[in-house]
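Keep to plain sentences, grouped by topic.

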Amino acid sequence: MLKNYFPYEYLDSPFSIDYQKLFDKGFRGIIFDIDNTLVPHGKDSNPNVDSLFEKIHALGFKTLLLSNNSEERVLSFKKNISSLHISEAEKPDTKNYNRAVEMLGLKKENVVYIGDQITIDIVGANKSGIPSILVKYVGYGLTKKIGMRRHLENLILKIYSHSKYQNRLGKISLRKNEKSDSKSPDNTGTSKRRILFCEMNPFFYWISCRKETALRHLKNFFTKEKFAKEISDDKLPNLVSSWHNALIKKGKGIDPVLQANKADNINLACKKISGLVIHPGETFSFWHLVGKPSPKNGFKEGRVIEHKKLIAGFGGGLCNLGNTIHILALYSPLTVTVIHHHSDALAPDHGERIPYSAGTSVSYNNVDFRFRNDTDQNVQLLLWCDNENLYGELRSEKEFPWTYKIAEENHHFQKEGEKYFRVSKIYKETYDRRTNELLKRELNWNNHSEVMFDYAQIPAEQIV
């Protein structure tokens, strides 16, 4: 059917898309082709592509790279990008399009596909029931076979330009007076970032937060996702992972009252979560369990991050709890489905550097932390506070056949303009429990965190 060859939209490049408009239309996941869509064929990612993915993730999108190329090629491309991927996808076969949607944990109507080839990318997406966006290809060194295919696609585009199937997603391209992030096909240009509505003033920020909170409530109401809610006093027998960290931070510029309030907030939230049993197929949602962190619900003012600044706010410190739960999930086979990051440099390190000592962000209720139990057994979260420390355990009915490690590489601080940033790459490694063989190593976080503490406390030997 000819309709399967017609994209929902036809735009210049991935850099000419207004992703905020896509988000406002209800899309939450983006599947990208790589070669000739994001970069010339065989080329690695570049700073502009990396920046594009950071922007997309900051808006709240989940991403997945779907490529017919090899695993080695995809891993080489995404070395600076934190994204799911499927290699050797055999597009336009619909099998891996459907698998991609499952990996994103979303419905097809909330996912959009972006690619450069009609007969491969667009046909596969359309047949899978996924809205598709065609972009002009970055055409370098094309083979004769692909060149012939392009001639066919040009003919299809002429028919498409006179059809009723154009602009099915509405106006999602950047306006002419809004510069895209790219000046040329190989995306080497730069431009000034567009100021978002929420950044214009504090009142607009408040409006944006309320809008996102309302949208999250609405999405939760209609979702088919099954949230874990059973609390049990009976502890599951097998310890999967454990973690603990200090609740009270001390140092120059750190308010002790806000630190004490943070500890109270975390203790209150722990009591709402501890003992939770997550059955197979169920999802853990931080805010689904904790509820609104308001004074009415017993929460106090602690430190929160707003517009990259540390200020006092009700429920402050709950990111610390979200980070602890994230670490427990990282050292397990559980599938993290929603994750947001803030600065991993809120306070100086005391003692040995520990990856993921901070960095997981939660903010009621649109900035959530979620994971799904895709295993064949129940797991359980235990959380408690004692002697100014937060403790957490993840337990299961029986031992899993894998073990996990978190590895950090190239950790340092660097100055960019007038600011300093903590920079590192954090990997999750999966091992066979019996043989200790490394089975999988994947980039979990390309850490680039603005330093939020006194620059004088940055260890001089760690600045490069």
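Trp445 is buried in this predicted model, because its relative accessibility is 7% and buried means under 20%. Its ring pairs with that of Tyr356: the centres are 5.4 Å apart and the planes are at 20°. The pair is therefore stacked, as planes under 30 degrees apart count as such.

**The Tyr356 and Trp445 pair**
- Tyr356 is in the loop between strand S13 (335-338) and strand S14 (370-372), while Trp445 belongs to strand S19 (residues 438-450).
- The pair therefore ties together parts that are 89 residues apart in sequence.
- Tyr356 is also buried, at 1% relative accessibility.

**Other aromatic pairs**
- In the whole structure, 15 aromatic pairs are found.
- Phe6 and Tyr165 form a tilted pair, because their ring planes are at 40°, with the centres 5.7 Å apart.
- Phe6 lies in the segment before strand S1 (9-11) and Tyr165 in the loop between helices H6 (144-160) and H7 (202-222), so this pair joins parts 159 residues apart in sequence.
- Phe6 is buried, with a relative accessible area of 3%.
- Phe6, Tyr160 and Tyr165 are linked into a cluster by ring pairs.

**Charges over rings**
- Arg28 lies over the face of Phe23, 3.5 Å from the ring centre.
- Lys405 has its charged end over the ring of Tyr431, at 4.9 Å from the centre.

**The second largest pocket**
- This pocket has a volume of about 700 Å³.
- It is lined by 36 residues, and those closest to its centre include Lys249 and Asn320.
- Helix H10 (318-330) supplies five lining residues, the largest share.
- The lining has 15 nonpolar, 13 polar and eight charged residues.

Conventions. Residues are numbered from 1 along each chain as its sequence is written. This is a predicted model: local features need pLDDT of at least 70, side-chain atom pairs count only at pLDDT 80 or more; totals for chains, interfaces and linings use all residues. Side-chain values use heavy atoms; hydrogens and water are left out. On a 1 Å grid over the protein atoms alone, a cavity is a set of points where a 1.4 Å probe fits but cannot get out, and a pocket is an open set with protein on both sides within 12 Å along at least five of seven lines; lining residues have an atom within 4 Å of a point. Grid points are joined across faces, edges and corners, and a volume is the space filled by probe spheres set on the points. Helices (H or I, at least four residues) and strands (E, at least two) are DSSP runs, numbered from the N terminus. Ala, Val, Leu, Ile, Met, Phe, Trp, Tyr, Cys and Pro count as nonpolar, Asp, Glu, Lys and Arg as charged, and the others, Gly among them, as polar. Rings of Phe, Tyr and Trp (its six-membered ring) pair if their centres lie within 6.5 Å; planes under 30 degrees apart count as stacked, over 60 as edge-to-face and the rest as tilted. Buried means under 20% relative accessible area, exposed over 50%, partly exposed in between (1.4 Å probe, protein chains only). A charge sits over a ring if NZ of Lys or CZ of Arg is within 6 Å of the ring centre and within 35 degrees of the ring normal.
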